[in-house]
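The sequence and structure are shown first.

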Amino acid sequence: MKKLLTHALVAVIFLLIGMTLADTRIAETALDAARSARSAAIEVVGNRAGIETRTMVLAENPEIISRLMEGGSFGGEYSVEAAQNMFGRTQAAIDDVMNKTHVVEVGPRSYLIRMPIVNAAFFVTDEGVVLVDTGMGPAGPAIYAAIRSVTDLPIHTIIYTHGHVDHSYGTWAIMEAGETPEIIAHDLLKPRFERYIRLRGSLAKYMSQPEEQLPASTDDLVWPTRYFSDRLEIEVGGETFVLQHHKGETDDQLYVWVPGRGALASADYYQGFLPNAGNGKRTQRHVEAWSAAMKEMAALEPAFLLPAHGEALTDTATIQENFLVLAEAFDHITEHTIDGLNAGKRKDEIFLSVQLPEHLATHPTLNVQYVTPNDISKMLIKQYTGWWDDIPSHWTPATMENQGEMIIELAGGNIPAIVEYAQGLIANDIRLASHLTDWLFYARPDDPNVQQLVYDVYKTRIMDRETNTMEMLTYLDQMTAARERARSR
């Protein structure tokens, strides 16, 4: 076993070298060595040492990691450890975030903490620090260290812009350091936290996180000490901080405006790309209210912007342009969707036909990275209609297993022939290939040929440049399911 672990370690070292030097011949040699070693080491060690199947899939396909990094970094540096342990406090994730964190002074005594995946912002006042967001679980120590690199003043106030894991889970480290801040959030953050406890298994599945790291009781969260409903103005160190609520990515989201400095902390309203407004694995997003928030923030004429994702902006005209083009894009998608619903069009006809005008589709801050305009249209449809997709057979459908068996029967029971046909579709129509693959996998998940088909189809989809981050994660889940079936044989 020791020898196998040694082989696995060597394989991982080669793999990391290859990923670092991806454009060199050394990289190609390293990747070849890693792939050669994987069958002799990763496979056996994985089965014997209980390595999570998903991690094994990534180790076998390092190019998938590169694709995930393109969109999953959310405008910042990427950390595999942090991304896989967002709710947790694992030392590896804490160390990785700490090593990849730096502080940028965007305006006088106004700072952006740049971390993997997400930012936090803080303002130094004469009375103490006002901190906007506390990052994900493993980011807490990095945030506290970043503040202490600038000032020794106490942390006076923490503001949660919303309750997502990457914005409000690092507070534990600040409290353990002995700080006693007031913690402020919108009223709706409380039921959000309660829902996270109640649905921890579901969240773990849809967020691809270890279930044991999600909150199991109220003691696992650092709760606000003060709530408000619409707008709140506070004074710290003789300065006014305005907390304004608008639904957007969440129903509890707010932005922070510091009029005396012309500073705006924009939470997740602005992300530097087409934002996460149509996520098929998350609860309702609020596209129309989000658009209104963008217009309202643009009218403030901020001197500088401290976003929760991506780089700071210090030009008022650029900030306004970026905000207003996003609002325009949201309004266009909304109008298209509502018109389609009122015209009685089938839902898939509505969202598949969404197209942004040229000046929006090519704008650098609206690039498709995490979701598409079609996904945002689906979210609007979800908001205004029931769960039915307008396909009559889908109201009370047959199981996917039974549908798959029907396909197999129509092909005379010849699974290899169906697999071959699906393989041929990969280059010509990957969507049809995916439908056929799903039917086969749900009907015959233990067939090795079907498992390989799942691998081939969904790896192709992940590597497709048109595939966005949320799609990639969904396809990776299916590859993992097929791999798990193969391991169980």
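## Seven-stranded sheet

Seven strands form an open sheet in the order E1-E2-E3-E4-E5-E6-E7, with mixed pairing. Strands here are DSSP runs (E, at least two residues), numbered from the N terminus, and two strands pair if DSSP finds at least two bridges between them. Strand E1 (102-107) and strand E7 (226-228) stand at the edges with a single partner strand each, so one side of each is left without a neighbour in the sheet. From one strand to the next, the twist averages 25°; axes are lines fitted to C-alpha atoms, for helices over the stretch in contact, and angles run from 0 to 180 degrees between N-to-C directions. E1 pairs with strand E2 (residues 110-114) in the antiparallel sense over five bridges, and Val-103 stands opposite Ile-113 in E2.

The model is predicted: local features need pLDDT of at least 70, side-chain atom pairs count only at pLDDT 80 or more, and totals for chains, interfaces and linings use all residues. Residues are numbered from 1 along each chain as its sequence is written, and side-chain values use heavy atoms, with hydrogens and water left out.

## Five-stranded sheet

A further open sheet has five strands in the order E8-E9-E10-E11-E12, again with mixed pairing. Its edges are strand E8 (231-236) and strand E12 (304-306), each with a single partner strand, so one side of each is left without a neighbour in the sheet. The twist averages 20° from one strand to the next. Strand E10 (residues 254-258) and strand E11 (residues 263-265) are antiparallel partners over three bridges; Val-256 has Ala-265 in E11 as its bridge partner.

## Cavity

There is one cavity of 30 Å³ or more, a cavity being a set of points, on a 1 Å grid over the protein atoms alone, where a 1.4 Å probe fits but cannot get out. The largest cavity holds about 50 Å³ of space, the volume being that filled by probe spheres set on the points. Its lining residues (an atom within 4 Å of a point) include Leu-112, Asp-133, Ala-265 and Leu-306. Strand E3 (residues 119-124) gives the most to this lining, with three residues.

## Helix contact

Helix H6 (residues 91-99) packs against helix H7 (residues 140-148) at an angle of about 35°, with their axes 8 Å apart. Helices are DSSP runs (H or I, at least four residues). Ile-94, Val-97 and Met-98 in H6 meet Pro-141, Ala-142 and Ala-145 in H7, where contact means heavy atoms within 4.5 Å.

Notes. 1 Å grid on protein atoms, 1.4 Å probe; cavity = no way out; pocket = protein on both sides within 12 Å on 5 of 7 lines; lining within 4 Å.
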